[in-house]
Amino acid sequence: MTIYRPLPEYPHLSATDTGLLSAIARGEARLTPEQGLELLTAAPLHTLGRFSDAMCRSKHGDDIRTYVIDRNINYTNICTAKCIFCAFKRAGHEHDAYTLEHEELYEKVQELSDIGGTQILMQGGMNPHLPLDWYLELLNGLRERFPHVNVHGFSPPELIEFVNFFDPPGSSLLEQVRWVLVRLKEAGMGSLPGGGGEIFAPAVRTKIGLGKCDMEAWLTVMYAAHSLGMFTSASMMYGHIEGYADRIHHMWAVREWQDKALMDFGSGEVPGSIKGDPTVKNPETGGHYLGFISWPFQPDNTALGRVPHYPTPEDLESGVSFPGDVVAKLDGSGTKDMDPNFGRRLRLSGSTEYLRTQAVSRLMLDNIYSIGSSWVTMGPHIGQTALFYGANDMGSVMMEENVVSSAGTTYCLDEAVLCRLIRDAGFTPGQRDSKYDVITTHTTKDSPDLKVTDWSAHRTQRLHIQNEAETSERVEVTVGKSDLQKTE
Ligand code: SF4
């Protein structure tokens, strides 16, 4: 048995030193935050692609790239928080505020099960009207009916509000969260999604996520889950008011807490150093982060989206830097008073910025097994290109999504198209389960994509959009011409 130890750092080397990048790709070294920032802001795009791809191949091999069949279920849109990037939440009095009945939720999972799905991603607003028993009954009901479907549910901000709503016993936040999590886990909850990560740096977080938990609380929830042997994922939403250093700080914090989880609860080998990661396969390894996914902020229908874009004509005239970069510090210590325009300028991210950020996340997060492509925000073809910028996983077939589609992005792909995208990129598509174990490798003519004889007539059918339920229960979407996107 090998005890986990973080990889060595070489801070005296430039981030673009090919010897260092090769060692990182092989799982023999790790980036410092300073080197991560240098890569993100100064490395050629091709260099990022070359080495993040090499690292991905070192971890996952050259053959299989995965996807999962799961369903995003947003059980309620009533929420106490006031995130200014969110077009999904309702206060509760609006005509389209909703909380789904248990039977409605079972119907959705049945539809998923009918197409071979293995997981639901269940997240909601933070609804103060739902007691703990509502969740326990739901989870018990799901386990009874669908024992083969993993419930990947309830992001850290929801868990923190569960603590506030249910007032569980415990002398610390960690103990209180564990009290709630033990009960949810006993009732059938399998793993935690990384929703609500956004950007950890306090200056950014307090501006965009009013009423949402801070970084310490977010990470504590995940640590509590890891202590119970549960797997979780982490996320980052960028491309708004944050600076580049904030993105690196965010990745660094996830890496640090992953080190902590692996050292405190794990007993496996160094993750990321071999193909077929032992943090996934080794049953002795304890709970930890399995995957990381990041995506750019989607501005439509949101208050944050109405903030002026940098640079404004006045910014150009005065030659000021982007306020987010003035405030951002690698240790997360920046404060809003460092620039009077902080939070008043947006810097949106496009495809190149997305690929750069994802590639750096692959290189920074040496102790995280999977990097997910965010085709849901970026579209199928950039999502496919992301497989050459560090991503090994195409995420989920999208049966339903309500959160990001509320913000104007609505890509929708089915299993055949996902498989085709993976195969056209030169890989073999593999359906995975919630632990990233491949359950079906598509090599025969019966593969979902190879069964399609006429792609020009192929349509992806989005089964349901909660907010449009009254007007349109089923919406047909032509692949690549419409948009639908993922959750927080
Ligand atoms: S992003 Fe989530 S927590 Fe924030 S307002 Fe929307 S539903 Fe609520």
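This is a predicted model: local features need pLDDT of at least 70, side-chain atom pairs count only at pLDDT 80 or more; totals for chains, interfaces and linings use all residues.
Student: How many helices and strands does the chain have?
Tutor: Helices (H or I, at least four residues) and strands (E, at least two) are taken as DSSP runs, numbered from the N terminus. On that basis the chain has 17 helices and 14 strands.

Student: What percentage of the residues in the chain is buried?
Tutor: A residue is buried if 20 or more other C-beta atoms, placed from the backbone, lie within 10 Å of its own, exposed if 12 or fewer do, and partly exposed in between. The chain has 488 residues, and the buried share is 54%.

Student: Among contacts between residues at least 6 apart in sequence, what percentage joins residues at least 24 apart?
Tutor: Two residues are in contact if their C-beta atoms, placed from the backbone, lie within 7 Å. Among the contacts in question, the share that joins residues at least 24 apart is 77%.

Student: Why is helix α6 described as roughly perpendicular to helix α7?
Tutor: Axes are lines fitted to C-alpha atoms, for helices over the stretch in contact, and angles run from 0 to 180 degrees between N-to-C directions. The axes of α6 (residues 156-166) and α7 (residues 173-187) come within 10 Å and cross at roughly 90°.

Student: Which residues of α7 meet α6, and what is the class make-up of the contact?
Tutor: From α6, Leu159, Phe162, Val163 and Phe166 take part, and they meet Leu173, Gln176, Val177 and Val180 in α7. By class, the contact has seven nonpolar, one polar and no charged residues.

Student: What span does helix α10 reach, and why is this helix regarded as largely enclosed?
Tutor: Of the 22 residues of α10, 16 are buried, so the helix is largely enclosed by the rest of the structure. The expected span of a helix is 1.5 Å times one less than its number of residues. Helix α10 (residues 244-265) is close to the expected 32 Å, since from its first C-alpha to its last it reaches 32 Å.

Student: Which elements cover the buried residues of α2?
Tutor: In α2 (residues 33-42), the residues Pro33, Gln35, Gly36, Leu37, Leu39 and Leu40 are buried. The cover over them includes α3, α10 and α14 (351-364).

Student: Which peptide bond is cis, and where is its proline found?
Tutor: The bond from Tyr310 to Pro311 is cis, with omega near -5°. Pro311 is found in the loop between β8 (289-296) and α12 (313-318).

Student: Is Glu198 buried or exposed?
Tutor: Glu198 lies in the loop between β5 (189-192) and α8 (202-208). Its phi is near 45°, a positive value in a residue other than glycine. With 25 C-beta neighbours inside 10 Å, Glu198 counts as buried.

Student: What is the phi of Tyr436?
Tutor: Tyr436 is found in the loop between β11 (428-432) and β12 (438-441), and is buried, with 21 other C-beta atoms within 10 Å. This residue other than glycine has a positive phi, near 70°.

Student: How far apart in space are Val438 and Tyr67?
Tutor: Val438 is in strand β12. Leaving aside neighbours within four places in sequence, Val438 is in contact with Ile64, Thr66, Gly430 and Arg432. Val438 and Tyr67 are 371 residues apart in sequence, and their C-alpha to C-alpha separation is 9.0 Å.

Definitions and conventions. Residues are numbered from 1 along each chain as its sequence is written. Ala, Val, Leu, Ile, Met, Phe, Trp, Tyr, Cys and Pro count as nonpolar, Asp, Glu, Lys and Arg as charged, and the others, Gly among them, as polar.
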